[in-house]
Amino acid sequence: MKKSYLSAVILAVLSVPAIADTTIDNMFSEGGMDVQLRLFDFSRDFDGASKDRHDTSIGGLFRYNTATVNGISFGTSFASSNKLWIDDSKAVYSLLGTGANGEHENVNRMQEYFAQGEWWNTRFRVGAQEFDTPFMNTHDIRAIPRSFRGFSVVNKSIKDLSLSAFYITDSMGWNDSNFLKINEAVKADLVRDRRITANTEVADNPVYILGADYKLPTDVIQTKLSLWDYNMEDVFNFAYAKLDLSSDIGKTNIYLVPSYAIQKSVGDETGGVFDTYQYGIDLGAKFAGMDLMLKYGETGDDALLAPWGDEKVVIMQGVQAGGRANETAKAIKLSYNFGELGIKGLKGYIYSGEFDVPDIPGSKINETDFSLGYSLDKWLKGLSVRARYAIVDKENGEDYTDTRLFVKYNFAIGKPANKPRR
């Protein structure tokens with residue numbers, strides 16, 4: 001499968017001289033690179049018998065895009081996460097790869113390689129690529145984002161309307177060294193949740209995605225509607241809808257974000273039998289540099305299958321995400337931009353949530369997150385630091401704390417690359 005994608009990209013490259021034989025040199029000489037260097041340190045400390053986790057990684061993302069010739073361009077990116085100050089007595093915490101004996105391993109991989117055409121307000125892309133949709137996205141919360149392989153089309157012919165279609169055959173997680181077939185990623189998620197056994201054969205089919213984002217032409221109430229559908233034959237169908245509403249009342253911005261998802265097993269149901277939903281709502285207000293948000297979500301009779309990054313209603317640092325069967329999730333989040341006090345670039349939040357399955361005694365989980373980030377642009381443009389800390393208290397299970405430190409430095413070489421997003 002990898003060879004077939006590389007062949008498609010190479011064939012597209014070879015076809016360019018026939019289209020524009022006088023400008024092919026400019027395509028590459030006028031291209032550009034975006035670089036983000038990353039130094040991350042993640043640790044999770046349990047209060048019981050579980051092995052603590054700790055990774056320190058150094059590396060980054062190096063994205064190169066050619067200039068566009070007759071609507072055609074090419075892109076590639078390299079991702080790197082290398083071990084630094086490793087304590088082998090601690091387990092791997094997904095910044096790095098895991099060796100056969102559980103040891104920490106470096107991850108250096110081709111993150112993307114794609115050919116792209118842009119005509120009629122439509123972008124066509126084939127190959128390995130990053131993109132963001134509600135329930136299949138880069139989920140960029142580790143050293144390396146997720147990546148996918150397939151074909152994508154995004155059309156923006158109509159003002160404020162974006163239409164998307166994807167055909168995805170392979171995916172690569174945060175610390176994988178190579179792409180996995182989509183069915184292997186689904187199987188790993190289901191086995192981890194003990195919903196199927198390791199001997200179960202999940203149908204080897206791609207995922208088809210159709211999506212639409214529309215910003216309604218209203219002034220008093222800003223409105224955006226998102227509709228998405230994900231289908232994997234003989235495994236699942238997943239429909240998702242979200243409505244973003246916001247309006248200014250004086251100097252205060254009020255917003256309301258309801259969402260609803262339905263997920264069902266389909267066809268031969270090779271990933272198991274399930275029929276579930278998740279609905280939720282965000283209600284918040286922004287004023288004087290503050291953002292106060294209340295969140296509520298509820299999941300149906302089966303757990304939500306979401307192997308590739310998702311927009312569950314409540315997602316917190318300590319992996320609590322409100323997706324268990326019959327689970328309710330409630331949270332409150334207070335964010336503050338300290339620029340209002342004259343400290344430009346400093347932002348932080350406190351985020352507290354409760355997750356419970358009422359029918360199961362002892363299933364309650366409480367989590368409180370703290371985050372503080374600072375942009376150092378005034379000293380070195382593109383440099384930022386951030387610290388996050390989570391306290392997770394399980395009614396029946398091990399409590400733990402989770403600490404994450406981030407240092408990022410962004411810069412461009414030549415013309416900035418076209419970042420591959422939807």
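Rolling a probe the size of a water molecule over the atoms shows where empty space is left. The largest cavity holds about 50 Å³ of space, a volume being the space filled by probe spheres set on the points, with grid points joined across faces, edges and corners.

The lining of the largest cavity consists of Phe135, Tyr230, Phe236, Phe238, Leu305, Ala306, Pro307 and Trp308; lining residues have an atom within 4 Å of a point. By class, this lining comprises 8 nonpolar, no polar and no charged residues. In this classification, Ala, Val, Leu, Ile, Met, Phe, Trp, Tyr, Cys and Pro count as nonpolar, Asp, Glu, Lys and Arg as charged, and the others, Gly among them, as polar.

## Basis of the model

The model is predicted: local features need pLDDT of at least 70 and side-chain atom pairs count only at pLDDT 80 or more, whereas totals for chains, interfaces and linings use all residues. Residues are numbered from 1 along each chain as its sequence is written, and side-chain values use heavy atoms, with hydrogens and water left out.

## Salt bridges

The whole structure contains 13 salt bridges, each defined as a side-chain nitrogen of Lys or Arg within 4 Å of a carboxyl oxygen of Asp or Glu. One of them joins the side chains of Arg44 and Asp402 at 2.9 Å, N to O. This pair connects distant parts of the chain, with Arg44 in strand 1 (residues 32-46) and Asp402 in strand 23 (residues 400-414), 358 residues apart. Strands are DSSP runs (E, at least two residues), numbered from the N terminus. Arg44 is buried, because its relative accessible area is 4%, and Asp402 is buried at 0%; buried means under 20%, exposed over 50% and partly exposed in between (1.4 Å probe, protein chains only). Arg44, Asp402 and Arg404 are linked in a network of salt bridges.

A second bridge joins Asp282 and Lys295 (3.0 Å, N to O). This pair also links distant parts of the chain: Asp282 lies in strand 17 and Lys295 in strand 18, 13 residues apart. Asp282 counts as buried at 13% relative accessibility, as does Lys295 at 11%. The side chains of Asp193 and Arg192 meet at 3.4 Å, N to O; Asp193 is partly exposed at 35%, whereas Arg192 is exposed at 59%.

## Nonpolar surface patch

Ile249, Ile254, Leu256, Ile281, Leu283, Phe287, Leu292, Leu294, Ile332 and Leu334 form a nonpolar surface patch of about 780 Å². Patch residues have over 30% relative accessible area and no salt bridge, and nonpolar side chains (Val, Leu, Ile, Met, Phe, Trp, Tyr) are joined within 5 Å. Accessible areas come from the Shrake-Rupley method with a 1.4 Å probe.

At least two residues of the patch come from each of strand 16 (252-265), strand 17 (275-287), strand 18 (290-299) and strand 19 (328-337). Strand 17 gives the most, with 3 residues. Ile332 belongs to strand 19 and is partly exposed, with a relative accessible area of 41%.

## Position of Leu180

Leu180 lies in strand 12 (residues 180-181) and is partly exposed at 30% relative accessible area. The C-alpha atoms of Leu180 and Tyr351 are separated by 34 Å, the two residues being 171 residues apart along the chain.

Notes:
Patch = residues over 30% accessible without salt bridge, like charges linked within 9 Å, V, L, I, M, F, W, Y side chains within 5 Å. Helix = DSSP H or I, 4+ residues; strand = E, 2+ residues; numbered from the N terminus. 1 Å grid on protein atoms, 1.4 Å probe; cavity = no way out; pocket = protein on both sides within 12 Å on 5 of 7 lines; lining within 4 Å.
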